[in-house]
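This briefing goes through one protein chain, topic by topic. Keep the sequence and the structure in view while reading.

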Amino acid sequence: MKYVLALKNSGREAGATLSHSHSQIMASPMIPRTVAAELASAAEYHHTNKTCLFCDLAAAEVEAAKRIVLKDELFLTYCPYASRFPCEMRLQPVRHHHDFALQDDDALMALAQHLSRLLRRVTSAFGDPPYNLVLHNAPGGEPVDGHWHWHFELLPRVSIPAGFEWGTGSYVNPVSPEAAAR
């Protein structure tokens, strides 16, 4: 297996085929197209700049302080500058780390607390919306330590992609990431 995907679907509008919130872990013999594109971009950035793209993006977000949703000692959640969807968020470790599976128990407990606070904020803002939570982790057997940074994408389903998005693969996001972070 080349890639293991962990995800949570909450609500039918989030694509859940089950009526209740559920998590899944799936293994694939190939690296998914989305992850492969992220890996290629991160590798190219690392080759050019000798730094981690995800670390640099996080540092820029902290410095700008406009799109931060939640930050603590170990984890950072922000609305990416070029968000595809309203209120799309990225949750990642503050310090560089490529493999979620190598987190120790203290880090996992801190992550659970961070994620709990984050989901309470989402519920407070939107009244328990459907959402997807997807882990982007290092693919098995790939040398990614220097350029990859594991992260979660949290996608509250507060709008529905329409024909333009499905027809072009381009997204129209009517909510600025700064407004979403607030």
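How many bridges join strand S1 to S2? There are seven, and the two strands run antiparallel. The model is a predicted one.

- Strand S1 covers residues 3–10, and Ala 6 has Ile 25 of S2 as its bridge partner.
- Seven strands make up an open sheet, in the order S2-S1-S6-S7-S5-S4-S3, with antiparallel pairing.
- Strand S2 (22–28) and S3 are the edge strands, each of which pairs on one side only.
- On average, neighbouring strands of this sheet are turned by 15° against each other, direction ignored.

**Helix H2**
- Helix H2 takes in residues 53–64, 12 residues in total, and its first and last C-alpha atoms are 16 Å apart, close to the 16 Å expected at 1.5 Å a residue.
- Leu 53, Phe 54, Ala 58 and Glu 61 are the buried residues of H2.
- Viewed down the axis of H2, these buried residues fall within an arc of 130°, so they line one face of the helix.
- Their cover includes helix H1 (33–49), S3, strand S4 (75–78), S5 and S7.
- Ala 65 follows H2 and has a positive phi, near 55°.

**Helix H3**
- The 22 residues of H3 should span 32 Å at 1.5 Å a residue, and the 31 Å between its end C-alpha atoms agrees with this.
- Ala 107, Ala 110, Leu 111, His 114, Leu 115, Leu 118 and Val 122 are the buried residues of H3.
- They are on the same side of H3, because they cover an arc of only 135° around the axis.
- An α-helix has 3.6 residues a turn, so residues three or four places apart point the same way.
- Exposed on the other side of H3 are Asp 105, Asp 106, Met 109, Arg 120 and Ser 124.
- S3, S4, S5, S6 and S7 are among the elements that cover the buried residues of H3.

**The nonpolar cores**
- The largest nonpolar core has 20 residues, and Met 89, Leu 91, Leu 118, Phe 152 and Leu 154 have the most contacts inside it.
- At least two residues of this core come from each of S3 (68–71), S5 (89–93), H3 (105–126), S6 (131–136), S7 (151–156) and helix H5 (177–181).
- H3 gives the most to this core, namely five residues.
- Another core lies apart from it and has nine residues, including Val 35, Ala 42, Ala 138 and Val 144.

How values were computed
Residues numbered from 1 in each chain as written. Predicted model: local features only at pLDDT ≥ 70, side-chain atom pairs only at ≥ 80, totals over all residues. Heavy atoms only, no water. Core = buried A, V, L, I, M, F, W, Y, C linked by side-chain atoms within 4.5 Å. Buried < 20%, exposed > 50% of the residue type's maximum accessible area, 1.4 Å probe, protein only. Helix = DSSP H or I, 4+ residues; strand = E, 2+ residues; numbered from the N terminus. Pairing = 2+ DSSP bridges. Axes fitted to C-alpha atoms, helices over the stretch in contact; angles between N-to-C directions. Expected span 1.5 Å × (residues − 1). Arc of directions from axis to C-beta. Contact = heavy atoms within 4.5 Å.
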